[in-house]
Amino acid sequence: MPHLNLEYSDNLPELNVDVLLLRLNHALVGSGQFADEADIKSRAQAFSQFRVGTAPAQRAFAHVRLAILSGRSPALKKQLSEGLLDVLREAIPAQAGLDLQLCVEVLDMDRDSYVKLRLPS
Amino acid sequence: MPHLNLEYSDNLPELNVDVLLLRLNHALVGSGQFADEADIKSRAQAFSQFRVGTAPAQRAFAHVRLAILSGRSPALKKQLSEGLLDVLREAIPAQAGLDLQLCVEVLDMDRDSYVKLRLPS
Amino acid sequence: MPHLNLEYSDNLPELNVDVLLLRLNHALVGSGQFADEADIKSRAQAFSQFRVGTAPAQRAFAHVRLAILSGRSPALKKQLSEGLLDVLREAIPAQAGLDLQLCVEVLDMDRDSYVKLRLPS
């Protein structure tokens, strides 16, 4: 942990996902909440099949889910989500004619049952 | 919010995913629970790598995860999941020789840490 | 239920995903927790866009999320995650020069709102 999933609609052709993932990871390192930078496992997926709402408008989204081990305070989670949203905002600028939504969600992973193995150990 | 993820096995060649996503969104709008239709962000993913159970039967699945902000009642969540299951059932008919499972899950997103930005604002 | 999602970085070319999914399912059947083997719906996704940490090292991950209906004990969830981690470890051996992380997370699905339909019924 943490695990980060970036999901985005594939109508954002200007987006440099490799750079974005690295910046998201730097934001997490900068939060001071994660002892080892190597623990941050981030991945991204573009969706070609998506639908925002029901109206026939040009719409796009990018959504980050950050999964962390349970036990952190609400204030800290809010701080993490706002830091990640700042990174999204810098990476994905507003575009004329495109209704764009950027979202960040923080969720708890059950600490008691989470297991991890790092190899070579 | 809400965020909807449709995951399905890629052995459903007749499935029109674009139509299905739009119908799922219409069902959510029709529930009266979401003030702005544009808030509904739905996406779908076909899995070519899947395995249902352990027996060598012809099997398929479609699974909807609906993530909403925490605080809604159990009765309302059940109503939402049943409404979405109705849409799945209409879109994915039973096929002879295919063991098909349709599922809908509703999960809470932590309201306190969820952040969203809509652009242009 | 259960639903299993395997997410992995796509720099594990030796990985036989079909075999791994079948072994994960067999481990779940062997746990004795799931009455019908056909209920186990597992799928896998390789991520070509990923970033582990911030340092420029060769890194990889495989992460299993097992979603089960709420109500099972912490001890049982731990047993399930450890059993699945054993399967990952056998399937994905350590490689010289590659920093590899294998993780398993167990999460609850809300029992009250989960709905499923099996066709033909």
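A salt bridge is taken here as a side-chain nitrogen of Lys or Arg within 4 Å of a carboxyl oxygen of Asp or Glu. The structure is a predicted model, in which local features need pLDDT of at least 70 and side-chain atom pairs count only at pLDDT 80 or more, whereas totals for chains, interfaces and linings use all residues. Residues are numbered from 1 along each chain as its sequence is written, chains are lettered from A and ligands numbered from 1 in the order in which they are written, and side-chain values use heavy atoms, with hydrogens and water left out.

Across the interface of chain B and chain C, three salt bridges are found. One pairing of side chains in a salt bridge is that of B:Glu7 with C:Arg43, at 2.8 Å from N to O. At least two residues each are supplied to the side of chain B that touches chain C by β2 (41-47), β3 (50-52), β4 (59-69), α2 (74-91) and β5 (99-109) of chain B. Helices (H or I, at least four residues) and strands (E, at least two) are DSSP runs numbered from the N terminus. The largest share, eight residues, comes from β5(B). By class, this side of chain B comprises 15 nonpolar, eight polar and nine charged residues; Ala, Val, Leu, Ile, Met, Phe, Trp, Tyr, Cys and Pro count as nonpolar, Asp, Glu, Lys and Arg as charged, and the others, Gly among them, as polar.

In total, 32 residues of chain B are in contact (heavy atoms within 4.5 Å) with 30 residues of chain C. The area buried between chain B and chain C, that is, the accessible area (1.4 Å probe) lost on putting the two together and summed over both, is about 2800 Å². Carbon and sulfur atoms give 53% of this area. B:Gln49, B:Arg51 and B:Thr54 supply 24% of the area that chain B buries against chain C, more than any other three residues. B:Arg51 also stands opposite C:Ser42 in β2(C), where three bridges join β3(B) to strand β2 (residues 41-47) of chain C in an antiparallel arrangement. Strands are said to pair if DSSP finds at least two bridges between them.

Between chain A and chain C, 30 residues of chain A are in contact with 32 residues of chain C, and about 2800 Å² is buried, 54% of it on carbon and sulfur atoms. The salt bridges between these chains number three; in one of them, the side chains of C:Arg59 and A:Glu37 meet at 2.7 Å, N to O. β6(A) pairs with strand β5 (residues 99-109) of chain C in the antiparallel sense over five bridges, with A:Lys116 opposite C:Cys103.

Within chain A, β1(A) and β4(A) (residues 59-69) run antiparallel and are joined by six bridges, and A:Leu4 stands opposite A:Leu66 in β4(A).
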